Amino acid sequence: MNRWDVLVEVSPRAEIADPAGATIERALAALGFAGVSGVRVGKAIRMEVTAADVSEACSVTEQMCDRLLANPVIEDARIELRAAAQDHSR
Amino acid sequence: MSVPLSVTVGVVQFPGTNCDLDTIDALADLGARTALLRSDETSLSGVDAVVIPGGFAHGDYLRTGAIARFSPIMDAVASFAGAGGPVVGICNGFQVLTEAGLLPGALRPNAGLAFRCQPQRLIMVSVSHVLGHGLSPSDELSIPINHFEGNYVCDRGTLQRLRENGQVVMRYVANPNGSVDDIAGICNGAGNVVGLMPHPERATTDLLGSADGRKLLEALLYAAASTRQAVGHYAA
């Protein structure tokens, strides 16, 4: 078994209004950051997943997204996997 | 309207639910028997209707209702709803029902990120559901809202189906949260599952500013009594 560092990025789907993103976009403009658009606010969920190989790690994470981490009616999920760094502390 | 005293309404309590006792008081005041159903129970104990009340089930962590939908009690609620039993989700309960897939769509944070806690004027749209008895389309009600995530969203096709099938239960007179089509409440295709953002249990006497919530709760008790007569006791 191997360990993967997994990042799941959940964000509101493109057609869904994102009031937090809109508020931040206005605040950035008010601070003088011109040329900022398309601000979207989502969630980053990090975890360690132990699995036999990368495809199993990926498929189990997809199942987590489908069942709990994202609501497909309003959200998209993006998965990033990285082989966990060796632990040299022991 | 006289309410059959034999009707028992189960009120679901998740960790973080906070409108359960208000709901029980309001229903008891109308002559119903009530049962508090803990979310880790697996049976509805033979109740005639279920209310999922407002609050912050499981802290609203991840998304409102996202964790609550996996509570053991929700399997029993889904079976009960599937058998035609009346199920009403109020505010957080509405959010739980959409997450559980018992109602279409989802509730997003309010437009402008404003928490809304105010009396709200509402227009009844459809009355072909378990909160409709005794009411007519275009009846106006005043019932408080109290939410941050009441901004109802669904895809275009779903919205069209809701409109065509009479599944829009009520609309806001002045939209407080950005909800699509001013929707304040919807029902499933059969009309036995209703979700609404306003809190009828908080509008039960003129002392509270409105007694309009009683009309909806009385309709629920009527539906509970008549559904039981029609199909007998549910296997809970």
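## Strands and the setting of A:W4

Strands in this account are DSSP runs of E that span at least two residues, and they are numbered from the N terminus. In this predicted model, A:W4 lies within such a run, namely strand β1 of chain A, which covers residues 2-12. Since the cut-off for burial is 20 or more other C-beta atoms within 10 Å, A:W4 counts as buried because 22 C-beta neighbours fall inside that distance.

When residues up to four places away in sequence are left aside, A:W4 touches A:V49, A:A51 and A:A57, and also A:L81, A:R82, A:A83 and A:A84. A:G42, by contrast, is 38 residues from A:W4 along the chain, and the C-alpha atoms of A:W4 and A:G42 are separated by 22 Å.

## Chain A as a whole

Chain A holds 2 helices and 3 strands, and read from the N terminus these elements follow the order β-α-β-α-β. The radius of gyration of chain A is 17 Å, whereas a compact globule of 90 residues would have a value near 12 Å. Along the principal axes, the C-alpha atoms of chain A fill a box of roughly 50 × 35 × 15 Å.

Burial in chain A amounts to 13% of its 90 residues, and A:W4, as described above, is one of the residues counted as buried. Among the contacts in chain A with a separation of 6 or more, 69% are made by residues 24 or more positions apart.

## Chain B as a whole

The secondary structure of chain B consists of 5 helices and 11 strands. For 236 residues, a compact globule would have a radius of gyration near 18 Å, and the 16 Å of chain B agrees with this. The box filled by the C-alpha atoms of chain B, taken along the principal axes, is roughly 45 × 35 × 35 Å.

In chain B, 57% of the 236 residues count as buried. Residues 24 or more positions apart account for 76% of the contacts in chain B that have a separation of 6 or more.

## The mixed sheet of chain B

In chain B, 9 strands form an open sheet with mixed pairing, in the order β2-β1-β3-β4-β11-β10-β9-β6-β7. At the edges of this sheet stand β2 (33-38) and β7 (140-147) of chain B, and because each has a single partner strand, one side of each is left without a neighbour in the sheet. From one strand to the next, the twist averages 25 degrees.

Within this order, strand β10 of chain B (residues 183-187) is mostly covered, with 5 of its 5 residues buried. Strand β9 of chain B (residues 168-172) runs antiparallel to β10(B) and is joined to it by 3 bridges, with B:V168 standing opposite B:I186 of β10(B). Strand β11 of chain B (residues 193-196) also pairs with β10(B) in the antiparallel sense over 3 bridges, and here B:G185 stands opposite B:L196 of β11(B). The hairpin of β10(B) and β11(B) has 5 residues between the strands, and in it B:G191 takes a positive phi near 85 degrees.

Strand β9 of chain B pairs in turn with strand β6 of chain B (residues 116-124), in the antiparallel sense and over 3 bridges. In this pairing the bridge partner of B:L122 is B:Y172 of β9(B).

Which residues of α3(B) are buried? They are B:N92, B:G93, B:F94, B:Q95, B:V96, B:L97, B:T98 and B:E99, and helix α3 of chain B (residues 92-99) is accordingly described as mostly covered, with 8 of its 8 residues buried. These buried residues pack against β3 (49-52), β4 (87-90), β5 (106-108) and β11 of chain B. Just after α3(B), B:G101 takes a positive phi of about 80 degrees.

Technical notes:
Residues are numbered from 1 along each chain as its sequence is written. Chains are lettered from A and ligands numbered from 1 in the order in which they are written. This is a predicted model: local features need pLDDT of at least 70, side-chain atom pairs count only at pLDDT 80 or more; totals for chains, interfaces and linings use all residues. Helices (H or I, at least four residues) and strands (E, at least two) are DSSP runs, numbered from the N terminus. The radius of gyration is taken over C-alpha atoms; the globule rule is 2.2 Å times the number of residues to the power 0.38. A residue is buried if 20 or more other C-beta atoms lie within 10 Å of its own, exposed if 12 or fewer, and partly exposed in between; C-beta atoms are placed from the backbone. Two residues are in contact if their C-beta atoms, placed from the backbone, lie within 7 Å. Two strands pair if DSSP finds at least two bridges between them. Axes are lines fitted to C-alpha atoms, for helices over the stretch in contact, and angles run from 0 to 180 degrees between N-to-C directions.
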